[in-house]
Amino acid sequence: SGITQERAGAVARAVRSTPFVVLFTAFARALGPLHQGETVVPVLTHGRRRSDWDTVGLYMNVLPVRLGPPTVGAVHHAFAEAYANEIPFPLLLDAVPQADALFADGGPSLAQFEVIQVPDCAGVEPLTIPPGLNLGGPVLPVNGLAFWLEPGASGSYTACLRYRRSYQDAEMHTLIRRFVDRWEEIDAHATRA
């Protein structure tokens, strides 16, 4: 069965949130043993204001989302609050110089979360990328781990993971299993509601 875009949308409607937030909640719950207490999870945003919509270029921004209890409502509130107060990441680094440590070797461990959005391009042939190009994965070198979901042609998500050497492979396999288990709990709860 797996986690699909269609099911994430149905669960989100049932709990009056968004597919991103319900998947983010499952990830926050899965992190439990790795990050106790309050957790800050960096999320990439489009980084464009309305006035930038007619321009070309990479405008990605890092949005630090401060999570408390990993309930759908609390995660929804935390993400909405962070998004409403989004400032360009270079300005954040200028205002909080110690934030540079988040991207330095040996800096504190963070867990980045993303859901890749792929537009519906019916009738458009996919582009073949020559082998050897190192594309895909997290854009920013966040310390710790980067966890992202990529939708396939069937609408099912594939979980992808990059992590620093201090984490063990077994820990990361367990994290993915916990993510799937927490998703299934959220899905079952939404179905009962």
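Me: Two strands pair if DSSP finds at least two bridges between them. How many bridges join strand 4 to strand 5 in this model?

Reply: A caution first: the model is predicted. Seven bridges join strand 4, residues 144–151, to strand 5. The two strands run antiparallel.

Me: How many helices and strands does the protein have?

Reply: Five helices and five strands. Read from the N terminus on, the elements run α-α-β-β-α-α-β-β-β-α.

Me: Now helix packing. At what angle do helix 1 and helix 2 pack?

Reply: Take the angle and the axis distance together. Helix 1 and helix 2 pack at about 95°, with their axes 8 Å apart. Angles of 65 to 115 degrees count as roughly perpendicular, so helix 1 is roughly perpendicular to helix 2. On the helix 1 side, Ala 8, Gly 9, Val 11 and Ala 12 make the contact. Pro 19, Val 22 and Leu 23 make it on the helix 2 side.

Me: And what is the angle between helix 1 and helix 5?

Reply: Here the angle is about 55°, and the axes are 9 Å apart. That makes helix 1 oblique to helix 5, which spans residues 169–192. The crossing is left-handed. Helix 1 brings Arg 7, Ala 8, Val 11 and Ala 14. Helix 5 meets them with Trp 183, Ile 186, Asp 187, Ala 190 and Thr 191.

Me: Where is Arg 16 found?

Reply: In the loop between helix 1 (5–14) and helix 2. Check its backbone: phi of Arg 16 is near 55°, a positive value in a residue other than glycine.

Me: Is Arg 16 buried or exposed?

Reply: The cut-off for exposed is over 50% relative accessible area. Arg 16 has 77% relative accessibility, so Arg 16 counts as exposed.

Me: Where is the place of His 46?

Reply: His 46 sits in the loop between strand 1 (39–45) and strand 2 (61–67). At 41% relative accessibility, His 46 counts as partly exposed. Compare sequence with space here. His 46 and Asn 61 are 15 residues apart in sequence, and their C-alpha atoms are 6.4 Å apart.

Me: What percentage of the 193 residues is buried?

Reply: Buried residues make up 36% of them. The protein exposes about 11,800 Å². Carbon and sulfur atoms supply 57% of that area.

Me: One last reading. What share of contacts comes from residues 24 or more positions apart?

Reply: Among contacts with a separation of 6 or more, such residues account for 64%.

How values were computed: Residues numbered from 1 in each chain as written. Predicted model: local features only at pLDDT ≥ 70, side-chain atom pairs only at ≥ 80, totals over all residues. Heavy atoms only, no water. Helix = DSSP H or I, 4+ residues; strand = E, 2+ residues; numbered from the N terminus. Buried < 20%, exposed > 50% of the residue type's maximum accessible area, 1.4 Å probe, protein only. Contact = heavy atoms within 4.5 Å. Areas by Shrake-Rupley, 256 points an atom, 1.4 Å probe, with all protein chains shown as cover. Axes fitted to C-alpha atoms, helices over the stretch in contact; angles between N-to-C directions. Parallel < 35°, antiparallel > 145°, perpendicular 65-115°, else oblique. Left-handed = near helix turned anticlockwise from the far one by under 90°.
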